[in-house]
Amino acid sequence: MKRRVFSGIQPSEVIHIGNYIGAVKRWVALQDDPAKDNIYCVVDLHALTVKQDPEVLRERTLELLALFLAVGLDPAKSTLFVQSHVSANAEGAWLLNCVTPESWLKKMTQYKDKSAKQAERGREGTVLTGLLDYPVLMAADILFYDTHEVPVGEDQKQHVELARNIAERFNYHYGETFIVPEPVIAKAGARIMGLDDPTVKMSKSMAHVQGHAIRLLDEPKQIERAIMRSKTDSGSEIRFSADPAKAGVNNLLTIYQVLTGKTRDEVEQDFASARGYGDLKKRVAEVVIAEAEPVRKRFAEIATDRGELERIMRIGADKARAISEPRLADVKRKMGLLLPM
Ligand code: AQP
């Protein structure tokens with residue numbers, strides 16, 4: 001039997017190189033593994049955990065689907081769908097809410113960080129229930145699709161572990177039902193850091209800060225500028241290092257490593273005769289542009305064909321419903337709900 005892979009990304013901003021390296025690029029590679037059955041989702045319900053402009057959110061949802069296609073996700077190989085088009089995800093989240101201790105959610109690092117940041121903004125920054133509860137929605141995304149593997153960046157590991165705990169708790173109370181999924185975190189590139197501050201994760205919510213992120217749809221000039229201005233130290237040694245002072249160089253080398261597919265030794269060899277960080281930055285910028293430019297060009301063609309995007313969304317949602325609805329009915333029955341006759 002094939003192993004089911006499920007992952008998603010929010011249409012909250014144009015994706016950055018961290019999202020691409022930590023998640024989406026790996027999804028594309030998984031499509032060609034005959035042992036996997038892949039489902040990738042535009043998780044628009046998750047985006048509602050912070051205030052969105054409705055028109056912008058609709059546009060970004062279509063954009064993200066177009067970007068899925070532009071990077072090489074193929075609806076003939078993977079199920080691609082928009083989360084809110086399939087009601088099982090949200091319905092399933094409610095059912096899982098009723099087996100998830102509230103204390104588990106309050107312990108989530110991302111909730112603690114994001115709610116603290118929002119609280120700093122006073123009334124405007126009201127922390128919504130959805131922000132606390134969104135890991136349960138993520139658990140529903142994963143569990144109602146009988147998922148074995150969830151390829152994510154390091155920041156999402158804790159949420160996949162929560163999904164595991166919820167599955168185990170449900171199975172204990174109601175009998176064997178859910179597959180207990182595994183987070184699959186890449187060895188290299190699971191946490192790409194901000195170019196302006198290599199001690200913090202590159203983040204969509206910081207993408208508006210100049211020089212923080214490289215967006216996948218940035219023009220070559222913008223990419224080059226962001227990398228050439230990225231923060232490094234005052235030294236000149238180009239080596240992988242866990243030293244916090246060398247985090248900027250380490251981050252650039254990691255981006256280069258993942259995009260070239262080379263080993264750490266090969267990467268260090270490539271820069272053995274470099275004259276300093278200027279050479280490193282120039283070469284990293286070339287590699288990022290070579291990866292991003294074809295995506296930007298394909299995106300420009302695909303994004304204008306609204307009819308085709310709608311067709312792909314419909315097919316994806318039908319396939320997703322066929323997988324999740326039987327599991328939803330099974331869970332409802334086990335929990336004591338009377339199914340419609
Ligand atoms: N910096 C990163 N390095 C590697 N992987 C990353 N991911 C996110 N940031 C990095 C992975 O990308 C996917 C995005 O999932 P998401 O839709 O939950 O992302 P998000 O929360 O909208 O985006 P960010 O960038 O994570 O924004 P903030 O920090 O503002 O919340 C996931 O697989 C994630 O692990």
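Predicted model: local features only at pLDDT ≥ 70, side-chain atom pairs only at ≥ 80, totals over all residues.

Student: Okay, which residues come nearest to the ligand?
Tutor: Those are Lys114, Asp155, Lys201, Ser203 and Ser205, out of 22 residues around the ligand.

Student: What about Ser205, how far is its polar side-chain atom from an oxygen atom of the ligand?
Tutor: That distance is 2.3 Å. Ser12 also has a polar side-chain atom by a ligand oxygen, at 3.2 Å. With Gly18 the backbone is involved: one of its N or O atoms lies 3.2 Å from a nitrogen atom of the ligand.

Student: How much of the ligand's accessible area does the protein cover?
Tutor: On its own the ligand has 650 Å² of accessible area, and the protein covers 96% of that.

Student: New topic. Where does Asp146 lie?
Tutor: Asp146 is in the loop that runs between helix H7 (129–143) and strand E4 (149–151).

Student: Is Asp146 buried or exposed?
Tutor: Buried, because its relative accessibility is 19% and the cut-off for buried is under 20%.

Student: What is phi like there, at Asp146?
Tutor: Phi of Asp146 is positive, near 50°, and this residue isn't a glycine. In general, most residues other than glycine have a negative phi.

Note on methods: Residues numbered from 1 in each chain as written. Heavy atoms only, no water. Near = heavy atom within 4 Å. Polar contact = N/O pair within 3.5 Å; in protein donor to acceptor, adjacent residues only side chain to side chain. Areas by Shrake-Rupley, 256 points an atom, 1.4 Å probe, with all protein chains shown as cover. Helix = DSSP H or I, 4+ residues; strand = E, 2+ residues; numbered from the N terminus. Buried < 20%, exposed > 50% of the residue type's maximum accessible area, 1.4 Å probe, protein only.
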